[in-house]
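Notebook open, structure loaded. I want to look up a few side chains and then the sheet.

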Amino acid sequence: MIAVAASAEELDEVVRPLRGLSLAGHQVVLMWRSGEPGSRFEKFGARVRIDPSPRGVRARARSVLTVPARLRAGRTGPLLADLHRDPRAVRALEAADLVVLAGAAATAAAEALTTPARPLVPAAELADWSAVGGVWRKLAVRTAEGPTGLTPAYVRSLVRHLERYVRPVPPRRQESLVPAIEAMHLAGRYDLAHELSHHLDPATPDLDPLVRARLRGLRALTATSATGEPHPELPEVARELTEAADVALREGQVEQAADLAHLALALLFHRELHADKLSSPLVTDPEGFLEHWRASEVGALLGSTAPRRPVLPARSGRTPDAGARRVVVVPGATRSSPRR
């Protein structure tokens, strides 16, 4: 996407929409003829300042021969004529998928700057893109507030904004969705957690393996909870999470190892696999089902004997039977989903 203006000052007219497009993952190139963009454009690294003065005899001759006569005559204005005299600017324009026009001069040259393969972004649509930056800022504020900020009503509006403005979510932004997904899952709003998890893309190239494992785990967990059916790749994802937890543990990233291990256990012991079923893999094939977990470093660590406090006699004064078994019952989530 390229934003074209006669002067750098005219780019200020569209700076907020351009920021929104950039935050949504679009590559934005600035192109202008005179002046210099201000501090508001510091994050826009792709820039092409139009230089209509070809250097060298051959370059000047090529410019005169290739620029259409109507442009040399100046009937379309100096912006377009100078642009066509700058080979670098021409190449940048031809490589763009979309064109954003800023200022009267660029708007007057719209017909020559846009083609069916390089359409113009409508001005009405640009106004909507100004809201994208606010989506991420509000998410950061809500996340900092914790459970009181990440409410179902807010997450529902977040999903709507992502669907409208930010699809797909840029790779650098996907991890910021994780707290909201976890909060909705913990609150029993599996529908919202599942909808939001659709915006995670574990297949993103060059993604950190530990991050990829966590994103895959969240997608499998929310899908299983929302649909009531085990995710088809659940065993594979649980194994990937377990292996990632081991890597994090060896690297000394204890908190990350704990998060990954917790997610792996949430999948392996998900109630949709074991509760209200005629059979459970924990009964039919416990060794095979838990093989990778038991063989893992994090599994061995959590399964090892930990120092325990001495068992105190009951308040009645009776001494517990030495042969009696102590049973701990850990219930699942008992909070019901709020009614809509």
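This is a predicted model: local features need pLDDT of at least 70, side-chain atom pairs count only at pLDDT 80 or more; totals for chains, interfaces and linings use all residues.

Next I checked Phe44. Its relative accessible area is 5%, and because the cut-off for buried is under 20%, Phe44 goes down as buried too.

Then I went through the aromatic rings. How many aromatic pairs does the structure hold? I found 1. The partners are Phe41 and Phe44, with 5.8 Å from centre to centre. Their planes are 50 degrees apart, and the pair is classed as tilted.

I have 4 strands in an open sheet, with parallel pairing, and the order reads 3-2-1-4. Which strands sit at the edges? Strand 3 (47-49) and strand 4 (99-102) do, each pairing on one side only.

I zoomed in on one pairing. Strand 2 (residues 29-34) and strand 3 run parallel and are joined by 3 bridges. For Met31, I noted Val48 in strand 3 as the bridge partner.

Last entry, the helix on the sheet. Helix 6 (residues 87-95) lies across strand 1 (2-7), strand 2, strand 3 and strand 4. Against strand 3, I wrote down an angle of about 140 degrees for helix 6.

Definitions and conventions:
Residues are numbered from 1 along each chain as its sequence is written. Side-chain values use heavy atoms; hydrogens and water are left out. Two strands pair if DSSP finds at least two bridges between them. Helices (H or I, at least four residues) and strands (E, at least two) are DSSP runs, numbered from the N terminus. Contact means heavy atoms within 4.5 Å. Axes are lines fitted to C-alpha atoms, for helices over the stretch in contact, and angles run from 0 to 180 degrees between N-to-C directions. Rings of Phe, Tyr and Trp (its six-membered ring) pair if their centres lie within 6.5 Å; planes under 30 degrees apart count as stacked, over 60 as edge-to-face and the rest as tilted. Buried means under 20% relative accessible area, exposed over 50%, partly exposed in between (1.4 Å probe, protein chains only).
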